[in-house]
Structure formats: structure tokens, C-alpha cells
Amino acid sequence: MVNLTINGRNITVEKGTTILEAANANGILIPTLCYLKDINEIGACRICVVEIEGMERLAAACNNAVEEGMVVYTNSPKVMASRKATLELILSEHDYHCATCARCGNCQLQALAEEFGLSTDIYKKKIRKVNWNRDFPLIRDNEKCIKCMRCIQICNKVQALGVWDVCGTGARTTVDVKGGLSIDKADCSVCGQCITHCPVGALHERDDKNKLYDILAQKDKVKIVQVAPAVRAAWGEELGLSEEDATIEKMGEALRQLGFDYIFDTNFSADLTIMEEGSEFLKKLSDKENNKFPMFTSCCPGWVRFMRTQYPDMVDQLSSAKSPQQMFGAVAKSYFAEKIGRDPKDVICVSVMPCVAKKAECAYENMGSETRGQDVDLVITTRELIKMIKAASINISELEDKPLDDPLSDGTGAAVIFGATGGVMEAALRSAYFLATGKNPDADAFMPVRGYHKGWNEAEFDIEGTKVRCAVASGLGNTRELLEAIRRGEVEYDFVEIMACPGGCAGGGGQPIHPFEMYESRGRRLYALDSDNPIRFSHENPSVLKLYNEYMEAPLSHKAHDLLHTDHNGWKIK
């Protein structure tokens, strides 16, 4: 243990603790911009500097360890003057048109500038604008970049893709796509983790709100919206709602006020995905000699993009099932359109997703048909929905919990956990067990696959004498480690679930941004909803059973293959 003094307080912490960690653990706040624990501890921004007695120069608190007898001042006049000067220099290269910025009101730089009262320019501005493909789902505004390197480190250390790099030298130093590539030529998975870890508005999703306003203004179209499982665990965070009050039903009422004709739950198609994917897995398992294992889940478009660019030889091991988003759109523009007596091309399907990669997925050329158009016409993120609710001045607390629309809104507990890492695997195993044996297992029998793990999580289950070896990974760095281990023959599995974002969709790149990770608490919320649901098996979803009885016949039928399955090599990466 080490004894030191911070701002006159005697503190004892473990040896090796940084000054920043020691201060924060004792309720003494030190501001940061570039710092991400264990990921970006380079002391580049100089906002966390502190004064140490006996040292002439200020020291970065984020990467300097405490020492016995150290006396530290976190807010001395020298420290405050340094931070203010640093902020002024950062702002001299920053486009701070805050009112039109995607991160206005949720920007660490904006908050610090306000706290230090920086309302006038001290230095002449030098802002370098870089052209960007504004049609790509992920947008980078160079004029807002503060060169904190967070995007580089999160992409390198957590996602293992290395899309970003430092470019130029001296005053021309900036961050850009590695190798001088354009973003649409890079191996970007569009996971959006660089967005959620950027402290400012230099990275954000393509803003599709105006496209949605145009859609909602079309009186002659049927405007439907689906809401993904993980959205319900996060949408209330910036609207002042508790977990209990931030219900999917209340969100549905807000969407009605925005102008949608029908509000549905992607939980419906998550259950449908389980029926198709689970049946596909059991079919392959029964003919193991003629199939290659493991079979990989295919519901995460960021993961599918990763597989396409990094491991193209393994793409055929992906389940051919479309993601729940795309399945829903296909059903909405066929079965549902028929039910309401409308031409499929008069039906516009919009998704609210916790994901940026979904914006890319819905535009793939094989995600639709000539008769119905694209399965999904537009995707907005959880963040975009929140902004639209705020812009419409909808009083969320006054909304009633009214049911969503029929017949595509029934969802089970198995469906809602799609939003958490391990949830797809658990849901699939629950129904695979039933499809193989004709009886339900204990709904919690497959809990060992739950939760975020460094590396990956593995488990083996017995289904009527058949051993099923499973693995679950979230985060593309963990995914790469798993795939390399499979390639080397070090591990063998039958079924593998992958989510591109750490923690799964709960930590998706389209979710509300906070200075700390939220996927664990959001995941717990989703599992609580599963436990409280009276139906916890996808094969018991009444709306899904009705769909098969009235329209699809059975899982893996000819019609099911036509609408609900795809060729993952059938679209061009761009």
C-alpha cells in the first residue's frame, strides 16, 4: 500500500495505482478527454494534469503512478491555468458550431469549455476540412477531431480492425483511415464503437432523421416501425425515465405521435429467427458428416461484415438466416401487406436499432426483391429516436402504456435477450432442445453462455444424448482470437454466437453515449424482462406460430427460404 496526500486529504491506495484512479476512488474528480482505462492511457490531451509537490512540471494523472509520501494538487492555480490554456489551444483547431453538432449537450469538450468560461477565441483558428463519403453509415468530421486517439485505440485494441491511424506530421498531424483509404474501401465493420468512445462529435452515424420526416409526411403510404430488443433497455436514459417507466409500450405511443401507422416489436422476428436458425442447426447436426462446423449465428451485420473481410473462407459457415431486422421487413411487406390489402411497395418499413451497421445492412442489394422492394427502407439509431422525441416536445412521462399493434408484436423472453451477448445462443438452445425432443428444457438451463467475457465463453450441453459444444464472443478482438483458435484446431465447437459490439447490442454503436460502459446494466435489464415474461420459448410465440400456419407452412419451407434466408456472399461490401 502507498500513502499520499491529494488536496490535503490523506489517502492510502495499492501500489501501482495511478493518480487519476486514486483521486477518483476517493471522490476527487480530475477531468479527462483522451483517457480510456486500459485502452488509451497516453496522457495526450493534458487535461488531467496535476501538480506534484517538489516537481516543476505538471504531470498527467492518467499514466503516472502514486508514490509513497506524494503530495498532489488537482486544482491549484497552476493546474487550472494549464488546463484553460490547453482547452484554448484545442478549440483553436476545433469547429465548435455546437448547436448543430451531433454531440451537442453530450460532449466532454463542450462541457469543459463551459466550465472554464471559454466564450471568445484567444488564438486564430486553423481548421482543416477533409472530404468524406456522406452516404456511408459512419461519418467522420475532421474539423471536430481533437486527436485524442481514442478511436484508434478502441479499433485496434478492442475491435482488432485497425481502421484508424495517425496521419501527417507536425501541425498537419490528424487522424484518418489507415493507409490513405476511403472509409468505404477500408475493412470497417461499421460497429460504431469509435463513435461511442469519441469524446466529441468527430465521429457519428449518418443522420437519417430528415429522410424519416419525409417518409412520415407521405399520406399515401403505410408507415410501420419495428423496435429492436436492446433499444428498450437504453431509450429512457436521456429522457429521465427509470428502467421501470421506459417501457416498449410507452415508446410505441411516442412513435405514434411521431406519425407511424403501425408499431411493432422486433422481438417477434427474433423469435422467428430462432425458429429458422435453430431448425437449420439441428438439420446440419443430424448430417454432421456432410456439413462443416461450427455454424455461426448471422443476426449481427457488423459481425457478418467482419467475417466477409477478414475470414472470407469461413463465410459459408454462417447461418443462412437473415437478421431479425431483415426478417421483419420481409414479413411486413408480404404477409402483413396481404393482411391489410396493400401493395408491398406501399408499405414503408423503418427500424429503430441500437446499431450503426444496420444502416448498411438494410441497403444490401439482396435484402429485398423486385416485388416488395428492400425489406427495410430506413434505419435510425436509438440516439436518433431520442432526438426526434425531444424535437417533437413529446411529454414522455404523460404517455400511457398502450399495446403495440397486431399481428407482429408478440415477443417472448427468449427474444428480448437477443440484445445481450449470449442471448441468441441461449434462445436458440431453448428451442433447439424442444425441436429435438418435443419437450421444453428448464428456461434457465443454458445460463452458462451469458455475460461478457474477455476472450470467449464456452459451454457444452446434452440434448437427448447429443453433445452440443457452444461458444459465445462479443467484441471483434475477442472474435478474432476465437476464430484463430478454431483455425489452428485448438478448439472445436458446433454452434458459435458472435456479436460485434462488446456486451452485444446492449453496448451497440447506436446506443446513448455515456463516459462509462453501460452494456452490463442494460443486459441485466433485458434478462429481467426475460424472467418476467410469461412465455420464455421462441417456439411458443403465438404470432410466429400463426405466421407458419397461415403463410410459411414450416421452418425451412420453400417460402421461408425465399423470405427469411439469404446468401451472405450476395452483396457488395461498400
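**A buried ring and its partners**

Analyst: Phenylalanine 264 is buried, with a relative accessible area of 0%. The model is a predicted one. Tyrosine 262 is partly exposed, at a relative accessible area of 25%; the cut-off for buried is under 20%.

These two residues form an aromatic pair. Their ring centres lie 6.1 Å apart. Their planes meet at 5 degrees, so the pair counts as stacked; the limit for stacking is under 30 degrees. Across the whole structure, a search finds 13 aromatic pairs.

Rings also meet charges here. Arginine 308 lies over the face of tryptophan 571, 4.5 Å from the ring centre. Lysine 559 places its charged end over the ring of tyrosine 551, at 4.1 Å from the centre.

An open sheet holds four of them, in the order 12-19-18-17, with mixed pairing. Strand 12 (295–296) and strand 17 (457–463) are the edges, each pairing on one side only. Strand 12 runs parallel to strand 19 (residues 495–499), joined by two bridges. Methionine 295 has phenylalanine 495 of strand 19 as its bridge partner.

Strand 7 (residues 164–167) and strand 8 (residues 174–177) run antiparallel, with four bridges between them. Valine 166 is bridged to valine 175 in strand 8. The hairpin of these strands has six residues between them, and glycine 168 takes a positive phi near 80 degrees.

Conventions. Residues numbered from 1 in each chain as written. Predicted model: local features only at pLDDT ≥ 70, side-chain atom pairs only at ≥ 80, totals over all residues. Heavy atoms only, no water. Pairing = 2+ DSSP bridges. Phe/Tyr/Trp six-rings, centres within 6.5 Å; stacked < 30°, edge-to-face > 60°. Buried < 20%, exposed > 50% of the residue type's maximum accessible area, 1.4 Å probe, protein only. Lys NZ or Arg CZ within 6 Å of the ring centre and 35° of its normal.
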